[in-house]
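This report describes selected features of a two-chain model. The sequence and structure are shown first.

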Amino acid sequence: MSTIQHILRTVALITTTWLATSVHAQQQPPQLFSGMEGYTFLPDGTPVPIWGYGWVADGFITLPAPLLTYTEGESVQLNFTNPSPESHTIHLHGLDVDQANDGVPGTSFLVTTGDDATYSFDANYPGTFLYHCHVTTTLHLTMGMYGMVLVTRPDLTLYEGGPAYAEDVPLLFSDLEVATNLDPVGSFPFHDIRPDVFMINGESGSQLEAPERIVHFEPGQRLALRLGSMAYSRVVCQFPAELNATCYMSDGRPLPTPFEPDALEIYPGERFTVLIDPEPGWDGSLPCEFWSMVDETLESVENIHIRDAALNVDEPEFTSAIGYPNPTRDQITWNEARQIEVWNAYGVAVSNVRFEQGVLDVAGWPAGTYVARIDGVRSVRFVVIE
Amino acid sequence: MVSGIRYVLKCVETTGFILASVLAFGQDSLFIARGTWDQLPEAPEVIRLNASADWSNQNAILEREAGAASNLVIVNSDSTSHEWALLNGDAEGITIEPGDTAVVELPALAMGTYRLGLIDGEGGGLGAQSMLQVGLQQNADFDLFHWNLCDWETNQMASWSNGTEPDPNAAYVPNYFSINEQTYPTTLEDPNALISVALGDTCWIAVANHGQMDHVLHFHGFHVEVLTSNLQPTRIGWSKDTVPIKKGEGITLQLVANQAGTYPVHDHNLIAVTNAGFYPGGMLTQIIVDP
C-alpha cells in the first residue's frame, strides 16, 4: 500500500467516526473542517482526488471551499476543526489579520490532527478576499484547499460612497495538475507543478455550460463580479463591450480611478470587483484565459456564460443528489436515479454496482468513503459503515 | 531614454582610471565580476555587478537623485566581453571588453525604481543585473529597502558557464527563486530583504524583477501602495496586498507598519517558494514590526 493510499484509508475510517459525531454538532455555530478524501470530477467524468474544506454540518469537502460571507464591521469568529491526518491552517488572504490569526505555521498556530481552532478578526473593509491552507502551501493549494471570502455592506454598495449593485457573483479561478492530485507525495519537486485543468468555481469546459452555471441578469440591475484567483496561472478576462463593465476595486480596496476593462489581468492571489450592466437581450460569454506563469503559453480558455433572464427557457430538472440513509450499512437510495456510478476512496471504479429503481445495494462492501455520480451529472459522497 | 546613455570613455588602465574617474566625477563604480554562488548546493558560477573589486554574491544597488544626470564607472573584471545597459525601455547597450573600463552618463530620471545590468546572454543568464533607485534616498520620513527578484534554472546557468548557449527550444524549468540573490531562509539574514521596522513606521520598498517570468508578491498583514511602476503605471496609487511584478519591471511600494508582529511576504506563484523543489524556500521573506 502506498503512503497516500494509507492516508486515504486512514481518513476514510476517521471520517466514518467523525461524521457520526457531527450530527450532534449541527446546532453549533457554523464550523469549517478540513478533509483529504474528497473528489472533483473533470468534464469527462474522471474523478480526481482533492483536499479541501467543508462545513461540518454538511460533512463533505468541496472545490472550491465554501464561500464565507461577512458584513463590513463584523467581528468574526471562524471555527475550524481538523479531523484529517495532516496539520492544516486557514490563512485569511488579504484581510490583514494579526499575526496570531494569520494561519502561517511558525508565526501563527498550526491546527494538528484532531484539534479545533477559532480564527478571530474584524472584517473592517468590504471587498473580495480569499482563504487557504498555508501548510506546505505549494502542495495544499493545488490539492484544493482554498475558497473565497466576501465582506459586503447591507446597503449593497461596494464601499462607502461607492456604486450600488443588485447581486454578488463570486467567481474563483484556480487550476490543478491531475498527476499531482493523483499522487501528492510523488509530486516532488514542487517547482515542476504544471496545471492541466483550469477552473472557474471548481469547474471547467462543458461543466460551465450547465444551465445552473449561467449568470442571469435583469437589464439595468448591475451585477458585482467578485473575481479572485488561486490559480498557478495568470488569468486574463476578456470583457465584451456589451457587458458595460467597470472595475471599482482590487484586493479589498477601492481604486483611485475606476476603469473600464478590456482585458483584465488577474495574477495568483489577486482579486477584482467588476460591476457589469449588460445590454438588454445579451446572451454571450466572458472568456477567461489561463496563461502559464512560467513560459507565457495560453493553456486554456474557460467561459462564464451570461444571459438576460428574460431569455431563459425551462431547463430540465436534475435528479436529486441527496441519498439516504447516509452513512449506510445495506443500501442507499437516490429517488428516480437512472444511472449510478461509484468510485472507492482510492479513485477506483467499483465494478459490481447493483441498483434498481434508485436503490443501491452496498451490503458487504468494505467500510469507507465512496463517491457516486448520479445520472452522469451529480456527484456525491457516501459512507458505508460496518 | 536609453539613448541618453553616453559611452564617454574606454580605458585599459583600469585601476588608475577608476581612481581618477571617481575623483573627477564623484560617482560610484560597478565591477563586472565572476564567482561562485555558494549559497546553492550546486554552487553555480555566476556573474555579478559588485560595488568594489572584492567579490560579493549580491549585486550592488545604485542610488541617484531624481531629475539629475550623472556618471557611472563600469569596470569589466571578467574574462569575457559584456554588454551593459540601463534597462529602461528598449535596451541599447555598450560593449565593455575584458579589463576595460567605461564611463556612462545616466540620464536624468524621474523618481522610481529602474533596472540595469548586462544584456548579453551570458551576463544576464548568470545574474549580473541590479537596481537603480532614483529619488528614493532614505530620510527621516521613511526607511528604504530593496528586493531584487530573480528566477534561476541551474541547467541554463551550467550551459552559460560552459560557454554554450542554452537550447532555446528547451522548456524553462526554474528551480531557484531569489530576493537580493538570497533564497529563503537566508533572505532573513539580508537587512534589505528582511523588513524590520517599528510600529507606525513608513517604509518604501524598491522592487525589480530580473527574472524570465512574472512574479506576484503577497503581503501578509498589510496593504501596500504602489508609488511608481515602469510597466504598470495605471496601477500607481492602488492599495494592494498582492502585487504583480512583471518581467522587467521596476516598482516602488510604500508600506505603513500599522500592526505589530511578524508577517511573511512571498511570491504567490507558489512554485517560487521552493528551493530545488523543497518547500518552504525561494522568494519568501518577512516583515517584522516591533511594538
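Leaving aside its neighbours within four places in sequence, which residues is B:V207 in contact with? The model is predicted, and in it B:V207 is in contact with B:T113, B:W147, B:L149, B:I245, B:I251 and B:L253, once those sequence neighbours are set aside. B:V207 also belongs to the largest nonpolar core, which holds 169 residues. Together with A:V149, B:I32 and B:I74, B:V207 touches the most other members of that core. As a general background, nonpolar side chains in soluble globular proteins tend to be buried together.

An α-helix has 3.6 residues a turn, so residues three or four places apart point the same way. After α3(B) comes B:G163, with a positive phi near 80°.

The contact between the chains involves 34 residues of chain B and 31 residues of chain A. On chain B, the strands listed below each supply at least two residues of the side that touches chain A.

| Strand of chain B | Residues |
|---|---|
| β15 | 215-219 |
| β17 | 239-240 |
| β18 | 242-245 |
| β20 | 261-267 |

The largest share of this side, 4 residues, comes from β20(B). By class, the side of chain B that touches chain A has 16 nonpolar, 15 polar and 3 charged residues.

How values were computed
Residues are numbered from 1 along each chain as its sequence is written. Chains are lettered from A and ligands numbered from 1 in the order in which they are written. This is a predicted model: local features need pLDDT of at least 70, side-chain atom pairs count only at pLDDT 80 or more; totals for chains, interfaces and linings use all residues. Two residues are in contact if their C-beta atoms, placed from the backbone, lie within 7 Å. Ala, Val, Leu, Ile, Met, Phe, Trp, Tyr, Cys and Pro count as nonpolar, Asp, Glu, Lys and Arg as charged, and the others, Gly among them, as polar. A nonpolar core is a set of buried Ala, Val, Leu, Ile, Met, Phe, Trp, Tyr and Cys residues joined through C-beta atoms within 7 Å. A residue is buried if 20 or more other C-beta atoms lie within 10 Å of its own, exposed if 12 or fewer, and partly exposed in between; C-beta atoms are placed from the backbone.
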